[in-house]
Amino acid sequence: MTKKPSKSKFLSQPTQPHRLILKILVVGAQYCGKTSLIRRCVHDVFNPTLKATLGVDFAAKQVERKGGSQTLHVWDVAGLELGSGMTRAYYHSANGAMVVCDADNLDESLRQAILWKADIDSKVLVGPNEERIPCILLVNKCDLKPLTKSHEELLDTTCRDHNFCGWLATSAKANINVVEAFEMITDHTLAFMIRVNGMIVTLAKRNSVTLDRLDQCPLQPRCPC
Ligand SMILES: Nc1nc2c(ncn2[C@@H]2O[C@H](COP(=O)(O)OP(=O)(O)OP(=O)(O)O)[C@@H](O)[C@H]2O)c(=O)[nH]1
Ligand SMILES: [Mg+2]
């Protein structure tokens with residue numbers, strides 16, 4: 001049986017790696033490639049004839065970061081669900097989000113990405129100051145259409161105006177920036193949780209509690225955390 005550690009012991013070991021489960025939402029327009037990105041990241045596969053997601057799907061992914069191995073519980077919300085009345089339930093206890101749009105249909109899918117972001121911001125508020133969770137914007141299918149300079153400027157402006165942590169061009173098909181996207185949301189989410197909570201409490205096992213404290217956001221300088 002694991003011996004229950006004392007609180008003071010862990011508080012005196014601030015460099016101990018964190019073990020957390022982060023709930024990450026993946027949302028965006030229908031057909032933009034959310035499920036494909038998750039399948040590429042988790043199973044390293046791509047299916048050109050994937051069926052649309054019904055409701056919500058789940059996957060788990062272990063992501064290695066500097067502070068230790070982090071477990072992501074990834075919630076793949078069907079594009080059809082925007083405005084369905086179910087999203088509040090899907091978002092419950094979410095820690096971070098990836099909002100996906102489609103490079104091959106950028107104007108319309110970006111418009112929908114902004115609606116998804118507003119939906120999350122209106123329904124998920126964290127901590128004593130009711131802060132919005134970190135969201136990154138992914139422009140998937142970049143294998144089909146390279147982004148122009150003006151697209152990049154539009155994406156920068158969208159991030160500023162709608163409080164995304166940043167954007168990344170990805171391709172589930174060509175395996176471009178997929179792992180990087182999951183690492184990026186993990187880093188932003190951890191930094192946010194550290195800042196909002198001040199202290200992270202990990203219930204790794206029912207009878208073992210780890211407390212750790214970090215004082216500053218490790219991300220530079222565009223992180224809105
Ligand atoms: N060329 C290209 N096609 C992709 C990429 N990602 C996904 N697709 C294709 O786009 C289609 C839709 O992909 P999905 O992953 O099912 O999209 P989704 O966002 O999960 O869609 P919903 O579940 O309906 O919300 C599929 O035919 C995929 O094969 C990509 O990076 N490049
Ligand atoms: Mg899907």
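How many residues surround ligand 1, and which are the closest? In this predicted model, ligand 1 is surrounded by 21 residues. The closest are Gly 33, Thr 35, Ser 36, Thr 53 and Gly 79.

**Ligand shell**

- Helix H2, spanning residues 34–43, gives the most to the shell around ligand 1, contributing three residues.
- Sorted by class, the shell of ligand 1 holds eight nonpolar, nine polar and four charged residues.

**Sheet**

- An open sheet is built from six strands in the order S2-S3-S1-S4-S7-S8, and its pairing is mixed.
- Strand S2 (56–65) and strand S8 (167–169) are the edge strands, each pairing on one side only.
- On average, neighbouring strands of this sheet are turned by 25° against each other, with direction ignored.
- Strands of a sheet pair through backbone hydrogen bonds, in either the parallel or the antiparallel sense.
- Glu 64 has Ser 69 in S3 as its bridge partner.
- S2 and S3 form a hairpin, with two residues between the strands.
- Leu 138 has Leu 168 in S8 as its bridge partner.

**Helices on the sheet**

- H2 packs on the sheet and touches strand S1 (21–28), S2, strand S3 (68–77), strand S4 (96–102) and S7.
- The direction of H2 makes about 40° with that of S2.
- H5 lies across S7 and S8, and H5 runs at about 160° to S7.

**H2 against H6**

- The axes of H2 and helix H6 (residues 178–197) come within 9 Å and cross at roughly 95°.
- That angle falls in the range of 65 to 115 degrees, so H2 is roughly perpendicular to H6.
- Leu 37, Arg 40 and Cys 41 of H2 make the contact with Val 178, Val 179 and Phe 182 of H6.
- By class, the contact of H2 with H6 comprises five nonpolar residues, no polar residues and one charged residue.

**H4 against H5**

- Helix H4 (residues 106–123) packs with helix H5 (residues 149–162) at an angle of about 15°, and their axes are 11 Å apart.
- The angle is under 35 degrees, which means that H4 is roughly parallel to H5.
- H4 and H5 cross in the right-handed sense.
- On the H4 side the contact is made by Leu 106, Leu 110, Ile 114 and Lys 117, and on the H5 side by His 151, Thr 158 and His 162.
- By class, the contact of H4 with H5 has three nonpolar residues, three polar residues and one charged residue.

**Recap of H2**

- Three residues of H2 belong to the shell around ligand 1, while H2 also packs on the sheet and has a contact with H6.

Note on methods:
Residues are numbered from 1 along each chain as its sequence is written. Chains are lettered from A and ligands numbered from 1 in the order in which they are written. This is a predicted model: local features need pLDDT of at least 70, side-chain atom pairs count only at pLDDT 80 or more; totals for chains, interfaces and linings use all residues. A residue is near a molecule or strand if its C-beta atom, placed from the backbone, lies within 6 Å of it. Helices (H or I, at least four residues) and strands (E, at least two) are DSSP runs, numbered from the N terminus. Ala, Val, Leu, Ile, Met, Phe, Trp, Tyr, Cys and Pro count as nonpolar, Asp, Glu, Lys and Arg as charged, and the others, Gly among them, as polar. Axes are lines fitted to C-alpha atoms, for helices over the stretch in contact, and angles run from 0 to 180 degrees between N-to-C directions. Angles under 35 degrees count as roughly parallel, over 145 as roughly antiparallel, 65 to 115 as roughly perpendicular and the rest as oblique. A crossing is left-handed if the near helix is turned anticlockwise from the far one by less than a right angle, and right-handed if clockwise. Two residues are in contact if their C-beta atoms, placed from the backbone, lie within 7 Å. Two strands pair if DSSP finds at least two bridges between them.
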